[in-house]
Amino acid sequence: MASRHPLYDLIEDAERRWDDMNARQSKTLTAAVAEYVRRNGYQPPAGFDLWWSYTQKHDVKLVDEFDQINYDITPFLALSPRMFRSRVDAISDPSHAFHINVTNGHTNRYGPLWWDGDQRALSTMLMRFSRTLPDLVIHGHDNLRADSWIGDDLRQEASAKVRRGEYFTEEELQHFESIERNSHRNLTNVCLPDDPIFNVSLPSDAPKFVASHLTYMSPCSSLGVHHASPLLFTPEARPLKLDPHFVFSKHRPDSGFLLPTNTWDFFDTLLVTPHEWAERQDEGANKLYWRGPVTGWNWYRAMAPPESGITWRDGARAKLALSFSTHLDPGEEVKVLLEGGDPDKGLVTKVYKREWLNARWMDVGLTGSPIQCNVEEGTCDDMQNAPMWKEPYPRHKESRKKYTVDVDSNEWSKEFQRKLSAGLIVFKSTTYPEWYTQRIMPYYHYIPIQSDYSDVYNIMAFFLGDPETGIGGHEEFAEKISRHAGEYARKYWRWEDMQAYFYRLVLEYARLASEDREAASFRL
């Protein structure tokens with residue numbers, strides 16, 4: 001067994017990478033254009049200079065970290081303008097979803113979903129810079145979460161075509177949008193032959209931690225995401241479509257344009273002033289805390305038939321509450337990685353009764369009552385009788401806690417930014433990359449965790465030490481992460497930061513729709 005705890009290296013590496021990321025940001029428009037071209041291999045869109053002025057006026061700190069936007073945009077640059085507009089027209093039905101039209105700098109919203117909180121705030125955000133935009137129409141999706149996947153082979157070929165100045169033919173697109181193009185008939189249909197998912201080593205007893213959170217979210221890089229959510233349990237290959245919807249939530253292979261998200265209606269009121277670390281003396285402050293409803297999937301037989309092997313216990317939230325319940329089989333045991341307080345003295349593994357350890361370290365439970373279940377099929381009663389329910393805890397008191405969990409709901413979690421603002425150490429489990437995912441630093445601002453929660457005990461032991469003696473704990477690291485979390489929420493996740501993201505995304509989209517993309521590009 002290694003003599004040094006893996007979390008030392010993960011935390012120290014995160015500190016170096018965060019400092020490097022901030023230090024290397026472009027300081028001038030000329031530098032920003034050069035960095036854009038270096039990262040993407042093509043020129044930025046027209047209006048890039050106006051966008052740059054916005055970032056400087058509003059003190060946007062990470063002016064180069066918009067890789068998610070170009071990850072979404074680049075496949076569409078391999079469509080001719082005519083082909084792209086045809087696909088946009090195919091999703092323009094005003095009786096569905098939400099739509100935002102920009103004409104002569106003025107915005108107009110329509111569609112049955114335009115008044116929902118996320119969509120309404122998006123339009124408000126657009127108004128700030130709509131006068132700098134050409135005429136265009138944005139089309140949303142019927143669901144907050146989209147499900148139009150494309151393969152890594154399409155992304156790879158699209159990037160090559162963009163570099164060569166070429167477009168897909170209809171026949172080529174038909175090939176890349178067919179699941180018949182390879183022999184895989186499950187999630188891995190979207191993967192390349194040399195992707196890590198096909199070279200996964202056999203499981204071992206060695207403790208594992210999430211090394212790269214974004215990589216962990218990809219079904220082509222990690223087995224973990226295949227078991228993270230019933231949405232990804234389906235054994236069949238996903239239908240493929242290069243689909244130009246704007247979406248609030250998506251999995252890594254999805255082709256839509258990812259929007260900046262938050263709990264819009266309460267954005268200004270949900271930020272919490274964190275308590276000083278030493279003041280967090282609330283009962284259970286040193287326990288891992290979480291409360292939430294049992295969302296995540298519709299537990300009907302049609303959605304999760306018995307032959308699928310999936311039950312409501314596989315849902316991310318139910319699994320979380322059951323894993324850390326204090327009403328488990330008394331004989332169930334768990335191994336925990338511990339150290340004696342000195343990183344050079346080596347590590348040991350101790351075995352504990354899981355029920356006892358949960359009582360000591362965990363305060364996790366579902367609130368409310370069973371939902372998204374079927375009374376006639378007995379699912380609701382089954383859920384109600386499970387040992388996973390707890391009384392709600394006042395939200396305004398959460399900042400007195402130290403450790404919490406952020407886990408997916410029906411789509412992405414809307415709680416993450418609020419928890420960061422409270423200076424909580426957030427153990428985050430998700431299958432959804434978000435607009436900020438490549439603009440935040442795991443192990444510096446939060447702790448990424450495995451989808452089966454198998455690393456949680458080892459992480460708690462690193463911070464709190466031996467559950468019996470407290471020896472070997474490192475709350476000094478937890479206190480630093482708490483401080484970094486609050487700082488990120490206030491300085492890097494502001495309305496202005498989301499607006500800078502959306503502004504740049506819309507400029508990219510406007511170029512896609514232009515008949516002359518060269519003229520719709522920016523050059524110094």
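**Disulfides in a predicted model**

The torsion about the S-S bond of C373 and C380 is about 105°, so this disulfide is right-handed. The structure holds two disulfides; a disulfide is a pair of cysteine sulfur atoms within 2.5 Å. This is a predicted model, in which local features need pLDDT of at least 70, side-chain atom pairs count only at pLDDT 80 or more, and totals for chains, interfaces and linings use all residues. Residues are numbered from 1 along each chain as its sequence is written, and side-chain values use heavy atoms, with hydrogens and water left out.

**The C373 and C380 link**
- The sulfur atoms of C373 and C380 sit 2.1 Å apart.
- Both C373 and C380 are buried (buried means under 20% relative accessible area, exposed over 50%, partly exposed in between, with a 1.4 Å probe and protein chains only).

**The C191 and C220 link**
- C191 is joined to C220 by a disulfide, with 2.1 Å from S to S.
- The link of C191 and C220 is left-handed, with -90° about the S-S bond.
- C191 lies in the loop between helix 8 (170-176) and helix 9 (213-216), and C220 in the loop between helix 9 and strand 4 (246-247), so the pair ties together parts that are 29 residues apart in sequence.
- Helices (H or I, at least four residues) and strands (E, at least two) are DSSP runs, numbered from the N terminus.
- C191 is buried, at 6% relative accessible area.
- C220 is buried too, at 3% relative accessibility.

**The pairing order**
- Count the bonded cysteines along the protein chain, and the disulfides follow the pattern 1-2, 3-4.
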